[in-house]
Amino acid sequence: MKKKIIMIASVLLFIAGAFWAKGYYNDRYVASDFYYTQIPEDEKNEDSWLMDADGVKQEKGKEYTLIGYNQKGEAKEVYFKKSGSAEDYYAPGAYLKISVSKTITIGVETIGQTAVPPEAFKQIQELGTRPQ
């Protein structure tokens, strides 16, 4: 009888762990929405370094913090990095599609202006993409 209870408890614990792991994975690594933004026209692309949390240089690259808009026109601050040197950074005026999960930015892709949903494009034009 004791073995049966331990076996059932182990199976239930395993199932609960699997559900938790699936939820964590989905929240962190599965895109939940797409946001559209534009690199400001006055953005300067100069060589810079990415820093860690302690302010130590890591690799050449640039960090971006912009406002993105989903297809409904809802705003969200988006954060992403681009490794490389100045010629690798996003061009001023470029439109970007940002894939986000509930917790992180998953991917960034350069798109044409016509690929930006109308509501997002309207917000970009009216409100801009720089955080206040």
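**View 1. Lys-62 and Glu-43, a buried charged pair.** Both Lys-62 and Glu-43 are buried. The model shown here, as in every view, is predicted. Lys-62 and Glu-43 form a salt bridge, with their closest N and O atoms 2.8 Å apart. This pair connects distant parts of the chain: Lys-62 belongs to strand β3, while Glu-43 sits in the loop between β1 and β2, 19 residues apart. For Lys-62, the relative accessibility is 10%. The cut-off for buried is under 20%, so Lys-62 falls in that class.

View 2. Strand β3 holds Lys-62. Its side chain makes a polar contact of 3.2 Å with the side chain of Asn-45. Which residues does Lys-62 contact, leaving aside its neighbours within four places in sequence? They are Glu-43, Lys-44, Asn-45, Ser-48, Leu-50, Phe-80, Lys-81, Lys-82 and Tyr-89. Glu-43 in this list is also the salt-bridge partner of Lys-62.

**View 3. Arg-130 and Asp-42, a salt bridge between distant segments.** The side chains of Arg-130 and Asp-42 meet in a salt bridge at 2.5 Å, N to O. The two residues are 88 residues apart in the chain. Arg-130 lies in the segment after α2 (118–127). Asp-42 lies in the loop between β1 (33–38) and β2 (49–51). Asp-42 has 53% and counts as exposed, because the cut-off for exposed is over 50%.

**View 4. A network of salt bridges.** Four residues are linked here: Asp-42, Glu-43, Lys-62 and Arg-130. Two pairs already shown belong to this picture: Lys-62 with Glu-43, and Arg-130 with Asp-42. How many salt bridges does a search of the whole structure find? The search finds four.

View 5. The closest N and O atoms of Lys-60 and Asp-47 are 3.5 Å apart, and the two residues form a salt bridge. Lys-60 lies in strand β3 and Asp-47 in the loop between β1 and β2, so the pair ties together parts 13 residues apart in sequence. Lys-60 is partly exposed, at a relative accessible area of 34%. Asp-47 is partly exposed too, at 45%.

**View 6. Lys-57, an exposed residue of strand β3.** Lys-57 is also placed in strand β3. Its relative accessible area is 51%, and Lys-57 is exposed. Which residues does Lys-57 contact, leaving aside its neighbours within four places in sequence? Trp-49, Leu-50 and Met-51 are its contacts.

**View 7. The largest nonpolar core.** This core has 13 residues. Those touching the most other members are Ile-39, Tyr-64, Val-78, Phe-80, Tyr-90, Leu-96 and Ile-98. Three strands each supply at least two residues of the core: β3 (57–69), β4 (75–83) and β5 (95–100). Which strand gives the most? It is β5, with three residues. In soluble globular proteins, nonpolar side chains tend to be buried together.

**View 8. Tyr-90 and its contacts.** Tyr-90 is among the core residues that touch the most other members. Not counting residues up to four places away in sequence, Tyr-90 touches Ile-39, Asn-45, Tyr-64, Phe-80, Lys-82, Leu-96, Val-108 and Thr-110. Beyond this core lies a second, separate core of eight residues. Its members include Tyr-36, Ile-111, Val-116 and Ile-124.

**View 9. Gln-38, a buried residue of strand β1.** Gln-38 lies in strand β1. At 14% relative accessibility, Gln-38 counts as buried. The side chains of Gln-38 and Tyr-95 are joined by a polar contact of 3.4 Å. Not counting residues up to four places away in sequence, Gln-38 touches Leu-66, Gly-93, Ala-94, Tyr-95, Ile-124, Gln-125 and Thr-129. One of these, Ile-124, is part of the second core.

**View 10. A nonpolar patch on the surface.** Seen here are Met-7, Ile-8, Val-11, Leu-12, Phe-14, Ile-15 and Phe-19, which form a nonpolar patch on the surface. Together they have about 770 Å² of accessible area. Val-11 lies in helix α1 (residues 2–29). Val-11 is partly exposed, with a relative accessible area of 41%.

Terms used
Residues are numbered from 1 along each chain as its sequence is written. This is a predicted model: local features need pLDDT of at least 70, side-chain atom pairs count only at pLDDT 80 or more; totals for chains, interfaces and linings use all residues. Side-chain values use heavy atoms; hydrogens and water are left out. A nonpolar core is a set of buried Ala, Val, Leu, Ile, Met, Phe, Trp, Tyr and Cys residues joined through side-chain atoms within 4.5 Å. Buried means under 20% relative accessible area, exposed over 50%, partly exposed in between (1.4 Å probe, protein chains only). Helices (H or I, at least four residues) and strands (E, at least two) are DSSP runs, numbered from the N terminus. Contact means heavy atoms within 4.5 Å. Patches are made of residues with over 30% relative accessible area and no salt bridge: like charges are joined within 9 Å, nonpolar side chains (Val, Leu, Ile, Met, Phe, Trp, Tyr) within 5 Å. Accessible areas come from the Shrake-Rupley method with a 1.4 Å probe; for residues, only the protein chains shown count as cover. A polar contact is a pair of N or O atoms within 3.5 Å; within protein, one must be able to donate a hydrogen and the other to accept it, and residues adjacent in sequence count only if both atoms are side-chain atoms.
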